[in-house]
Each structure stands twice: as C-alpha cells, then as structure tokens.
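Hi,

Here is the structure I promised to pass on.

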Amino acid sequence: MIHARIIGTGSYAPKKVITNHDLEKMVETSDQWIIERTGIKERRVCEKGETTSDLAHEAAKHALHAAGIAPADIDLIIVATLSPDTHMPSMACKLQARLGAKRAAAFDLYAACSGFLYGLSTADAFIRSGMHQTILVIGAEALSRYTDWEDRTTCVLFGDGAGAAVLQRHAGKRGILSTHLHSDGSFGDLLHIPAGGAAHPATHDTVERRQHYIKMKGNETFKVAVRALEDVVQEALDHNKVKPEDIDLLVPHQANLRIIQAMAKRLNMPMEKVALTIHKYGNTSAASIPMALDEAVRNGRVKENDLILLEAFGGGLTWASALIRW
Ligand code: UT7
C-alpha cells in the first residue's frame, strides 16, 4: 500500500506580540469579550519589513531539518496562503529560490483557512499517483497586513505565522489515510477581501473605503462552520470505519475555541486530546493547522501509529478533513 507520510514538520511565529489589552487601546473591545467569544489572549504579528515568505522560510527550514532531507530532495513546493508577499511571483517560487530547492516545481494554493488541508490532499494525490516522491507543503500567513485595525469585529481575531510539513512516499500502513475537500461558493461573501483583484483593482476609492481588508459576517460564518465541520468529520470517520474514541489527537483549524469545543463534544473527546494554539496565536488561517501539528509533534504528543484527525473551515467557503496514521 502506498501512502504519503509526513516525515517532518516545522513552524514559525513572528516575535511581536499583540495582547487583548493592547487591542483595548486601539478599538472598543475588552479582554473579557475576546476571551469569552473566541478563546484568544494574544496573537503574533510581523514586524515592519517582515513578510509572509520570511515566516514560511523559517517554518520550511525547521520541517526539512526534522525530516532530515536537503532542499535538493524536494520535488514540489505547495504554499497555501491568502496573504502572499505579492500576487506574482508566487510564494512557492520565492521559497523555491530561498531554500535552493533546485529540482522543485512550485505553486500557491488559495483555499483560505482550509488551504493547508487542500495542500496536503493535493500532495497526497501527487505522491500516490507516482508523479512525485517528496513534497513540501506550507501554510503561511501575514493576516495583519490584510486586517483592518479599526474594525473590532475582525482585528481581534487574526494573527501571523507559518507551518510546514514534508511528505514522502511510503510503502506501508502509515501516512495519510484519507482527505475530504468541500466548497460552497454561494457563501463567498461571508468572508472576503472585496478589492485588490481584477474585479475591483486598487483605486483611491477602494483604499478610502477600506476594501482591501478582510471582511467577515462572523456570526453567520460560525453557524455554517459548525455544521460543515460536523459533516466533514463524520465523513472521515465513516470512510475509514473508525470510531471517535479511536482518534488519538484532533488538530482543528484554530478560528474560535467555541467551535473547537463543539467539535470535541460532538466526538465525545476530552479537550486533552485536542491540539490548541488559539489562545496565543489567534486565527492564522492556512497556517493554524500545521503550526498546531508541529507544536504537538515537538511536545511529544504524537506517537508512532497514532490516529490524527485534522479539520478546517474557511473563506470560499471551503472545508476539509484529513485522517493520518502517524
Ligand atoms: O477562520 C475562518 C472561519 N472563521 C470562523 O469560523 C469564525 C466564526 N465566527 C466567530 O468566531 C464569531 O462569530 C466571532 C468571534 C467572530 C463573533 O462572535 P459572536 O458571538 O458571533 O458575536 P457577534 O458577531 O454576534 O457579536 C455580538 C456583539 C455585537 O454587538 P451587539 O450587536 O449585540 O450590540 C457586536 O457588535 O458583540 C459585538 N462585538 C464586539 N464587542 C466587543 C463584535 N466584536 C466585538 C469586539 N469587542 N471585538
């Protein structure tokens, strides 16, 4: 049986911290509101001059080191992001050059907060098809650059960071057992950045109307998220004929502690079996799952043959799962 197996993970968060108390001085909010509604206490943001590719580069170096492979061994680099340094060249090409991954093909992937799982699924398919042997998948975001720091409904939520995983062809039972990807574009306006693309290129007007920042109808998104995540998790369990109690670790997208708790409750899973980083990083979109996974690996929470369930939900709308035999 051929599987794509994660042979190394890495992550990186910028050093600059913004606490809820810092935000109290910027918008009409409170530490109590943010903690009660989201579980977030602080988030990291890029320093001036620091970019998404800087974060991705650090995470990638850690993952390659953990995997024990050289940049020249990489066949393909996939970067999931909604906050690239530039729209051209791609982040993946920047990384290819910075790492010196001379043999690697490279592309970016847009699936917002589900981006890392879309990337994992794509890499899994390339490896199982025999097209590639070794793939670097990265989720990296500098959402602080797309955040309206005057909008209390969004600025308290997001943070910057990057996570990476090296996948390699493995003949055996360990590796990615399944991935399931979904979308519903009819809900696109629940979570979007209105301007900056071909529909509404940057003008003085789009800038004045603050149209280059993330807009979210949070409450409506919340309701769709809980329903979609319940479905996609059930789909993964049914497909693999496993029971919730078989799962050793849940690594959810870190958007809201209440959504994560609802999923854990649905799976009848104690919170000790859930990887949580939301309190210190906030919602880092495509980076949140690989950052939480890497932290779990480094803290020794992931053991050989453990069953790990990853699930994500985000703009698009998109949602996805992956089940991994570690
Ligand atoms: O990662 C991609 C997917 N994203 C998600 O899954 C996020 C899903 N949504 C959420 O996490 C939650 O909906 C939020 C955390 C964004 C908001 O929590 P909520 O419980 O849904 O609050 P709400 O939007 O219904 O707002 C409740 C009240 C409102 O005031 P009124 O109208 O009741 O007077 C808001 O104006 O809270 C107010 N509010 C705030 N108050 C203090 C909104 N933001 C803030 C704030 N501080 N930062």
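A definition before anything else: helices (H or I, at least four residues) and strands (E, at least two) are DSSP runs, numbered from the N terminus. Two housekeeping points as well. This is a predicted model, in which local features need pLDDT of at least 70 and side-chain atom pairs count only at pLDDT 80 or more, while totals for chains, interfaces and linings use all residues. Residues are numbered from 1 along each chain as its sequence is written, and side-chain values use heavy atoms, with hydrogens and water left out.

Now the overall picture. The protein has eleven helices and 13 strands. Its radius of gyration (over C-alpha atoms) is 19 Å, close to the 20 Å that the globule rule (2.2 Å times the number of residues to the power 0.38) gives for 326 residues, so the protein is as compact as a globular protein of that length. Along the principal axes, the C-alpha atoms fill a box of roughly 55 × 45 × 35 Å. Of the 326 residues, 54% count as buried, meaning under 20% relative accessible area with a 1.4 Å probe, protein chains only (exposed is over 50%, partly exposed in between). Taking contact as heavy atoms within 4.5 Å, residues 24 or more positions apart account for 77% of the contacts with a separation of 6 or more.

Next, helix α5, residues 115-129. The buried residues of α5 include F116, L117, Y118, L120 and I127. D124 also sits in this helix and counts as buried, at 2% relative accessibility. What does D124 touch, not counting residues up to four places away in sequence? The answer is A4 and I176. After α5 comes G130, with a positive phi near 90°.

The other spot I looked at is G139, in strand β6 (residues 134-142). G139 is buried, with a relative accessible area of 0%. Leaving aside neighbours within four places in sequence, G139 is in contact with A80, F116, G161, A162, G163, A286, A287 and P290. F116 is also one of the buried residues of α5. S288 is 149 residues from G139 in sequence, yet their C-alpha atoms are 7.7 Å apart in space.

Cheers

Note on methods
Expected span 1.5 Å × (residues − 1).
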